[in-house]
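This report goes through a protein model element by element. Please keep the sequence and the coordinates open while reading.

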Amino acid sequence: MFWSSFLVFALPLVHAASVPRTLHDSHDDHTHEVDQALPGSWYQEPDHPVHSLFKRAPGDGTNYPAVGTPQWSAGFPVPGTPITLPQAWASALNAAVAAGKIPNIPQSTNTPNTSPTYPQGVNPNSPEVCSATYKCRIPGDIWDSPTGVFASSFDDGPLPPTTQLVQFLQSNNLKTTHFMIGVNILNNPTQFNTAFDAGHDIAVHTWSHPYMTTLSNQDVAAQFGWTMQLIHNSTGGRVPRYWRPPYGDSDMRVRSIAKEVFGLDTVVWNQDTLDWSQASTQPIQDSMNRFLAMPKTPGVMILEHETSAITVTAFINSFPLIASNGWNFRSLAEVISNGTSYQNAADSGSSVSLKGVLVSAPTSSTTSSIISTSAPPTSATSTPSPSKTNTASSFRANVSYGALFSPLLVGTLSAVLLFLS
Ligand SMILES: [Zn+2]
C-alpha cells in the first residue's frame, strides 16, 4: 500500500526533477541527419524470438486474471525492487547478440543535470551509436507524423489524471496512444482499464522509466519484456507494437534490442510541450499555439504527459485549436501503423490473432516512409467489435486466425504466458 501510494505520486516528481530540460528540447528544427541503416534484416522471420516470448495457451486458453486482482499482479517484479531477466528472454537476447544483430557499443553513464554521456572517444552522433538524446535519427525510428496529422500520445501513465483525459477524448469520440510505465500499470489498474476499455492504444514506456542507454543489454531487455508481458496479460493477449524511450534516450544498441528481440518500433517526437515541467497551464498552451501555427509538413508528433491535472487541462484547453488550425487529430499508434496498433491486433477493440503473426518492418532505411512501416490490415477479413473487459473470454469469439494481417506478415505468436500462467 505504501509503495502503491508512493509510486503514484513519486514517479512524476522524479520524472520532472531528474529530467534535464535539454533532453526534452523541441525537435522542431527538422535538421536531423539520417546516419545509416541498421544491421540485419528487420523483417520478422518465422523464427524471430518474439514469436516464442509471449505464447498463447493451447486452444487459446486466454484466461487472463482480471486486471487489478492479486492473481494479475502475481509474478511481476515488485515496484521499487530490481528486475530480473527470465531465461527465455535472456536466451532470445543472447541469440540476437550472437547473430550480430545487437551493436556492441558502450553503455552511456547517467550524469545528473545533463544528458547521459558515453566514454571518451565515443561519438554519440556517429553511425555506430546514433543516440536520439543527441538528436541523431536512426533510420526506421519514428519522429514525424504524416502531413497535416496531429499524432496524439501521452506518456508516463496510467495515473489518476488518466481518467479525466480519457473522459474528455471519449466525449469527442477520439482516442490516443498511451506510452505506459509498467509499475504505473501495476499501481493504477483502474485507470489502465479506463484507457483500454475506451479503445485507446497501449504502448510501452519501459518498466521503471530509466535512461535506457545507461543499462546493460540484459537490463534493457528486462525493461521491455516485463512491460510487454503486463500489457499482454491486461489486454486479452495483445502484443504492443511501439515503445517510446524515457527522456528520448535511445541508441543503436537499445533500439536493436527492442526490434530484434521484442519486435518493437521506436517512437520519438518532433514537438515537445515541456508540459511536465510547468507549474501552470498557460506556458503549455502557448507551446501548443506555436506548434499548431507551423507548416503542415511534417505533421506534428507531439510529446505530452498524463501526469498531472495541469498537463491534462492544458491539453483540453488547447484541443479546439487543433481542428481550427486545420490539423487532423489521430491516435499516434493508429496513424503510423495504418490501423494496426498492436503486433497481433488492429486495435483495442478488434480481434486478436491466434497465430499472432507479426507485422513486418520495412527493409528500406528511409525515415520518410513511416506510413509504410506496416502493411494495412485486410479489413474485409476482420470484424472489429468493442470490448469492455480485459478478460480473454470476450476475445475468444473474435479470433481471426491471422487473417487480419497481410500475407507479408509471418510467423506464429502463440499465446500464453511463459511465467505467469
Ligand atoms: Zn516518460
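Pro298 sits in the loop that runs between helix 10 and strand 7 (300–303). Helices (H or I, at least four residues) and strands (E, at least two) are DSSP runs, numbered from the N terminus. Thr297 and Pro298 are joined by a cis peptide bond, with omega about -5°. Pro158 belongs to the loop between strand 1 (149–155) and helix 5. Most peptide bonds are trans, and most residues other than glycine have a negative phi.

The model is predicted; local features need pLDDT of at least 70, side-chain atom pairs count only at pLDDT 80 or more, and totals for chains, interfaces and linings use all residues. Residues are numbered from 1 along each chain as its sequence is written.

**Confidence and overall content**

The pLDDT is the predictor's confidence in each residue, from 0 to 100. Its mean over the protein is 76, and 69% of the residues reach 70 or more. Over residues 1–46 the pLDDT is below 50, and this stretch has 91 contacts in the model beyond near neighbours in sequence. Residues 356–421 also have a pLDDT below 50, with 180 contacts beyond near neighbours in sequence. Two residues are in contact if their C-beta atoms, placed from the backbone, lie within 7 Å. Where pLDDT is low, the predicted coordinates should not be read in detail.

The secondary structure consists of 13 helices and eight strands. Of the 421 residues, 52% count as buried. A residue is buried if 20 or more other C-beta atoms lie within 10 Å of its own, exposed if 12 or fewer, and partly exposed in between, with C-beta atoms placed from the backbone. Among contacts between residues at least 6 apart in sequence, 83% join residues at least 24 apart.

**Positive phi**

Asn113, in the loop between helix 4 and strand 1, has a positive phi near 70° and is not a glycine. Asn113 counts as exposed because it has 9 C-beta neighbours inside 10 Å. Leu274, also not a glycine, has a positive phi of about 55°. The loop between strand 6 (271–272) and helix 10 holds Leu274. With 17 other C-beta atoms within 10 Å, Leu274 is partly exposed.

**Helix packing**

Axes are lines fitted to C-alpha atoms, for helices over the stretch in contact, and angles run from 0 to 180 degrees between N-to-C directions.

| Helix pair | Axis separation | Angle |
|---|---|---|
| Helix 4 and helix 9 (residues 252–262) | 10 Å apart | about 110° |
| Helix 10 (residues 282–292) and helix 11 (residues 309–324) | within 9 Å | roughly 30° |
| Helix 5 (residues 162–171) and helix 7 (residues 189–197) | within 9 Å | roughly 15° |

Angles under 35 degrees count as roughly parallel, over 145 as roughly antiparallel, 65 to 115 as roughly perpendicular and the rest as oblique. A crossing is left-handed if the near helix is turned anticlockwise from the far one by less than a right angle, and right-handed if clockwise. For residue classes, Ala, Val, Leu, Ile, Met, Phe, Trp, Tyr, Cys and Pro count as nonpolar, Asp, Glu, Lys and Arg as charged, and the others, Gly among them, as polar.

Helix 10 is roughly parallel to helix 11, and it passes helix 11 in a right-handed crossing. Ile284, Gln285, Met288, Asn289 and Leu292 of helix 10 make the contact with Thr311, Ala314, Asn317, Ser318, Leu321 and Ile322 of helix 11. By class these are six nonpolar, five polar and no charged residues.

Helix 5 and helix 7 are roughly parallel to each other. Their crossing is left-handed. Thr162, Thr163 and Val166 of helix 5 meet Gln191, Thr194 and Ala195 of helix 7. This contact has two nonpolar, four polar and no charged residues.

Helix 4 and helix 9 are roughly perpendicular, and the crossing is right-handed. Ala92, Leu93 and Ala96 in helix 4 meet Ile257, Glu260 and Val261 in helix 9. The contact divides into five nonpolar, no polar and one charged residue.

**Leu93**

Leu93 lies in helix 4 (residues 87–98). Is Leu93 buried or exposed? Leu93 is buried, as 24 other C-beta atoms lie within 10 Å. Leaving aside neighbours within four places in sequence, Leu93 is in contact with Asn217, Gln218, Ala221, Ile257 and Val261. Leu93 and Ile257 are 164 residues apart in sequence, and their C-alpha atoms are 7.3 Å apart in space.
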